[in-house]
Amino acid sequence: MPNQVNVNTTTNQVTVTQGVTQIVTVTAQGPQGVKGDTGPGLSAPFTGSAIISGSMDMIGRTSIGGPTFITGSTIISGSTTTIISDSTIITGSTTITGSTVITGSLSVSGGITGSISPSLELTPIIEYLDTKVERETSDVSQTSFTDATGNVTLVEAAIFESAKFATQPSGFPPIEKHDFQYFINGVLIPHSKVHVISELSGARVGVYFNRDLLGYTLESTDVITVIGKFNPSAFSSGFSNGFSRHVYSMVTDLVTLIFNKRDF
């Protein structure tokens, strides 16, 4: 029976048979491109899991979806925006050019060369976290607050002269009563008995205790002490004691922050 030559344009294979016996199969070599939905050699989105080892060059717009593992030397260029999403692990020497958007978790080992934008300035944050200034006053009075619904709260007011709130870094919430600790004659007062603390005009800070919850009226002989995020440069002759405030250019030790449940 004569020999037959079969050409498979999908797999790029040439098969020579004699009858039912396969004599030789040759697969075309060389770059074939990514097979698209309508034929070989056309670009197409790449989705699903992939393991790529060795060197790889990506030129043009590239979309990778699903868990992806890339090892070896990798260069990603061409697209002005590279989006890396889901769980992505890239090992080896990797260069990404253009604007890069990363969503999901990112694990980086071996350090980062260059900079990450926007830059993060640690000094004002560390200063803010480290700010603990103690203020004392015996300037007390009685007043009341009326809310939007007309409810009236009777309060005991303690006014601190030459006092200002610490400046919170960008992104931090405004200072409120839970940023301070309150003492009356050395006795700790729960936050639930503090109606509000607020900055007043003329470099003053007012602390207002809920009179019904406090259970008594403040006298001029009482000493009210507040410790927390005051501006440490706003000192006065009435300032009794201060905690040192350090300025850090970098974090040298492990810092543990403990967040306690709020007592409203």
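A charge is taken to sit over a ring if NZ of Lys or CZ of Arg is within 6 Å of the ring centre and within 35 degrees of the ring normal. In this predicted model, the charged end of R135 meets that description, sitting over the ring of F230 at 5.9 Å from its centre.

A search of the whole structure gives seven aromatic pairs. In one of them, the ring centres of F160 and F230 are 6.2 Å apart and the planes meet at 45 degrees, so this pair is classed as tilted. F160 belongs to strand 16 (residues 152-161), while F230 lies in the loop between strand 21 (224-228) and strand 22 (241-242); the pair therefore ties together parts that are 70 residues apart in sequence. Both F160 and F230 are buried.

Another pair is made by F165 and F180. Here the ring centres lie 5.6 Å apart with the planes at 40 degrees, so this pair is tilted too. Distant parts of the chain are again linked: F165 is in the loop between strand 16 and strand 17 (180-184), F180 is in strand 17, and 15 residues separate them. F165 is buried, as is F180.

How values were computed
Residues numbered from 1 in each chain as written. Predicted model: local features only at pLDDT ≥ 70, side-chain atom pairs only at ≥ 80, totals over all residues. Heavy atoms only, no water. Phe/Tyr/Trp six-rings, centres within 6.5 Å; stacked < 30°, edge-to-face > 60°. Helix = DSSP H or I, 4+ residues; strand = E, 2+ residues; numbered from the N terminus. Buried < 20%, exposed > 50% of the residue type's maximum accessible area, 1.4 Å probe, protein only.
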